[in-house]
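Thanks for passing this one along.

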Amino acid sequence: MLELLRRRLADYRPRRLLSERPNASVLIALTDSAEPEVILTRRASHLSTHRGEVAFPGGKQDDTDPDLLYTALREAQEEVGLEPALVDVLGPLGQVMSKHQLQVTPWVGIVPQDVVLTPSPAELESLFRVPLSFFMEDRRQRTDIVRFRGMTHYVPAYEYQGYVIWGLTAYMLVELLNVGFDAGIPMKPRPEHEPGGY
């Protein structure tokens, strides 16, 4: 399964935003198990932005970061204690714009199944894993309407063991599933998105 993802991302040409907005990066870390899991965090409730939201490890690019991959790996180390040397980086997905006008680049990487991670209490409330198959089955709780660059997207929101995975995090997950595994999860209008649908 992960070898298919590796091949797909090697051939993928992700979209780039032509924006002067500040840059940020996140790491979409998948475990190298027979049933891969996605590593997610819940941000601390005392933070000024995105408090209590589910997110990938990541953050704003520092002036001293040589590139956006470095940013994603640095942030993952700071937030969850993930050593950069343990990440097998497969490549980036398309850039997206956050609601705070940060240009975000998601990087996909594979980490050991038994990697020991610890959430930083300064930034995170908790750390959890979700089987990739859960998202592949598209067991959404609801569908959110997101307007981005003049287009309307219908983004799934998922509930897993009390965590709600929605917004930009869900958007990036759907791109990962569609590009890497032909999941066919639509983000364009279809009948079930109308009232009375999902």
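Helices here are DSSP runs of H or I with at least four residues, and strands are runs of E with at least two, both numbered from the N terminus. Please keep in mind throughout that this is a predicted model.

1. **Overall fold.** By that count, the chain has four helices and 11 strands. Its C-alpha trace spans about 45 × 40 × 35 Å along the principal axes. For 198 residues, a compact globule would have a radius of gyration near 16 Å, and the chain agrees, with 16 Å. Of the contacts between residues at least 6 apart in sequence, 65% join residues at least 24 apart.

2. **Surface and interior.** Buried residues account for 50% of the 198 in the chain. The accessible surface comes to about 9700 Å², and carbon and sulfur atoms contribute 51% of that.

3. In soluble globular proteins, nonpolar side chains tend to be buried together. In this model the largest nonpolar core has 38 residues, and the members that touch the most others are Leu-5, Leu-30, Leu-40, Val-108, Phe-135, Ile-165 and Leu-176. Helix 4 (residues 167-181) gives this core its largest share, nine residues. There is also a second, separate core of 15 residues, with Leu-68, Ala-72, Ala-76 and Leu-82 among them.

4. **Leu-30 as a way into the main core.** Beyond its neighbours within four places in sequence, Leu-30 is in contact with Leu-2, Leu-5, Glu-37, Val-38, Val-108, Gly-109, Ile-110, Val-111, Leu-132 and Leu-176. That list includes Leu-5, Val-108 and Leu-176, which are also named among the core members that touch the most others.

5. **Arg-6.** This arginine belongs to helix 1 (residues 2-11). Leaving out neighbours within four places in sequence, Arg-6 has contacts with Asp-88, Leu-90 and Ile-110. Phe-56 is 50 residues away from Arg-6 along the chain, and their C-alpha atoms are separated by 20 Å.

6. The structure holds 13 salt bridges. In one of them, the side chains of Glu-125 and Arg-42 meet at 3.0 Å, N to O. Glu-125 is in strand 8 (residues 124-131) and Arg-42 in strand 2 (residues 37-43), so this pair ties together parts that are 83 residues apart in sequence. Glu-125 itself is partly exposed, at 44% relative accessibility.

7. Which residues does Arg-74 meet in salt bridges? One is Asp-65, at 2.8 Å from N to O, and another is Glu-78, with the closest N and O atoms 3.1 Å apart. Arg-74 and Glu-78 are four residues apart in helix 2 (residues 68-80), which means that about one helical turn separates them. Arg-74 is buried, with a relative accessible area of 12%, and Asp-65 is buried too. Glu-78, at 41%, is partly exposed. Salt bridges that share partners join Asp-62, Asp-65, Arg-74, Glu-75 and Glu-78 into one network.

8. **Gln-95 in its loop.** Gln-95 is found between strand 5 (88-92) and strand 6 (96-97). The side chain of Gln-95 reaches the backbone nitrogen of Leu-17 at 2.8 Å. Not counting residues up to four places away in sequence, Gln-95 touches Arg-15, Arg-16, Leu-17, Asn-23, Leu-68, Gln-103, Val-104 and Thr-105.

9. Most residues other than glycine have a negative phi. Asp-138 has a positive phi of about 55° although it is not a glycine, and Asp-182 has one of about 50°. Asp-138 lies in the loop between helix 3 (132-136) and strand 9 (140-148), while Asp-182 is in the segment after helix 4. Asp-138 counts as buried, at 15% relative accessibility, whereas Asp-182 is exposed, at 56%.

Notes
Residues numbered from 1 in each chain as written. Predicted model: local features only at pLDDT ≥ 70, side-chain atom pairs only at ≥ 80, totals over all residues. Heavy atoms only, no water. Core = buried A, V, L, I, M, F, W, Y, C linked by side-chain atoms within 4.5 Å. Buried < 20%, exposed > 50% of the residue type's maximum accessible area, 1.4 Å probe, protein only. Contact = heavy atoms within 4.5 Å. Salt bridge = Lys/Arg side-chain N within 4 Å of Asp/Glu carboxyl O. Polar contact = N/O pair within 3.5 Å; in protein donor to acceptor, adjacent residues only side chain to side chain. Rg over C-alpha atoms; globule rule 2.2 N^0.38 Å. Areas by Shrake-Rupley, 256 points an atom, 1.4 Å probe, with all protein chains shown as cover.
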